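Reader: Please take a close look at one part of this structure: how its side chains pair up and pack. Keep it brisk, and give the cut-off for each term.

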Amino acid sequence: MTTTHATPLSAEDLEVVHLIHSALRRDTERLADFAQKWRTADPGTHDALLLGWHGFSTELHTHHSVEDVYVWPFMRPRLAHDAGAMEVLDAMEAEHSVIDPALAEIEAVLDDRETATERLGGLLDGLVMSLGAHLAHEERDAFPLIEQSITKEEWHDISMRAFAQLDKREVSEMLPYLFEGAPKDRVAVVLKSLPVPVRVLNRFWWTPRYARERRWA
């Protein structure tokens, strides 16, 4: 429930979340043959695979942390009267509690080059399945609740507080990750919400550096 004088959320306000989901889906496709490449890779390809994986796992963990710390707790008091809404929020947190340990288990496996390809492949397949179902669930059931319970002004405040908790390195890696392969008009929507110095750094330093680094292939 929102106050009468507040501005409702628009599709543009949630664009950054849509970009995050799109970037995560982009990389789950790259995980399809990760296990085979990782096991037989030359050192350069091995390092590129790990760089790609670490970018994906870091941004997924950050996304979940922001939701668990800033978004779901803010929504709960507003939706406490709605049992169905509370079930959705409970499910979001429960799904995070499955996915995040799966990331940690895969990280441990990647530290051991002797791990069987089959085990790594099974863990990656399980992660891709769980994450795909979670993203679809969130978009279908949690996004409408976000629009219902958070105003435009409150969403901006939540976003800025979460953004402020990231250090410069995290921001410098996150933005190029989100923008890779994304339509320019969608990128522009997110960029215009950021401070001018951040936009300049992203355009002239962070994105070119990201483009020079070899990932996945």
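Author: Arg25 has a relative accessible area of 31%, so it counts as partly exposed. Buried means under 20% relative accessible area, exposed means over 50%, and partly exposed lies in between (1.4 Å probe, protein chains only). This is a predicted model: local features need pLDDT of at least 70, side-chain atom pairs count only at pLDDT 80 or more, and totals for chains, interfaces and linings use all residues. Residues are numbered from 1 along each chain as its sequence is written, and side-chain values use heavy atoms, with hydrogens and water left out.

Now the partner. Arg25 forms a salt bridge with Glu139; their closest N and O atoms are 2.8 Å apart. The two residues sit in distant parts of the chain: Arg25 is in helix 1, Glu139 is in helix 5, and 114 residues separate them. A salt bridge here is a side-chain nitrogen of Lys or Arg within 4 Å of a carboxyl oxygen of Asp or Glu. Helices are DSSP runs (H or I, at least four residues), numbered from the N terminus. Glu139 is partly exposed too, because its relative accessible area is 26%.

By this rule there are 16 salt bridges. Two of them are local. Asp157 pairs with Arg161, with the closest N and O atoms 3.2 Å apart. They are 4 residues apart in helix 6 (residues 152-164), so about one helical turn lies between them. Asp157 is partly exposed at 41% relative accessibility. Arg161 is also partly exposed, at 35%. The other local pair is Arg169 with Glu173, whose closest N and O atoms are 3.3 Å apart. Both lie in helix 7, again 4 residues and about one turn apart. Relative accessible area is 47% for Arg169, so it is partly exposed. Glu173 is partly exposed at 34%. There is also a network: salt bridges link Arg26, Asp27, Arg30 and Glu180.

The largest nonpolar core has 39 residues, and Phe34, Trp53, Phe56 and Leu120 touch the most other members. At least two core residues come from each of helix 1 (15-30), helix 2 (34-40), helix 3 (43-79), helix 4 (83-110), helix 5 (117-149), helix 7 (168-179), helix 8 (184-191) and helix 9. Helix 7 gives the largest share, 6 residues. A nonpolar core is a set of buried Ala, Val, Leu, Ile, Met, Phe, Trp, Tyr and Cys residues joined through side-chain atoms within 4.5 Å. In general, nonpolar side chains of soluble globular proteins tend to be buried together.

Take Phe56. Its contacts, leaving aside neighbours within four places in sequence, are Leu24, Asp27, Thr28, Leu31, Leu103, Leu127, Leu131, Tyr177 and Trp216. Contact means heavy atoms within 4.5 Å. Beyond four places in sequence, Ile106 touches Trp53, Leu120, Leu123, Leu124 and Leu127.

Now the rings. The whole structure holds 4 aromatic pairs. One is Phe34 with Trp216: edge-to-face, 6.1 Å centre to centre, 80° between the planes. Phe34 lies in helix 2 and Trp216 in the segment after helix 9, so this pair ties together parts 182 residues apart in sequence. Rings of Phe, Tyr and Trp (its six-membered ring) pair if their centres lie within 6.5 Å; planes under 30 degrees apart are stacked, over 60 edge-to-face, and the rest tilted. Phe34 is buried at 1% relative accessibility. Trp216 is buried as well, at 7%. Phe34, Trp53, Phe56 and Trp216 form one aromatic cluster.

Last, the surface. Val196, Val200, Phe204 and Trp205 make a nonpolar patch of about 430 Å². Patch residues have over 30% relative accessible area and no salt bridge; nonpolar side chains (Val, Leu, Ile, Met, Phe, Trp, Tyr) are joined within 5 Å, like charges within 9 Å. Areas come from the Shrake-Rupley method with a 1.4 Å probe; for residues, only the protein chains shown count as cover. Val200 belongs to helix 9 (residues 196-212). Its relative accessibility is 37%, so Val200 is partly exposed.
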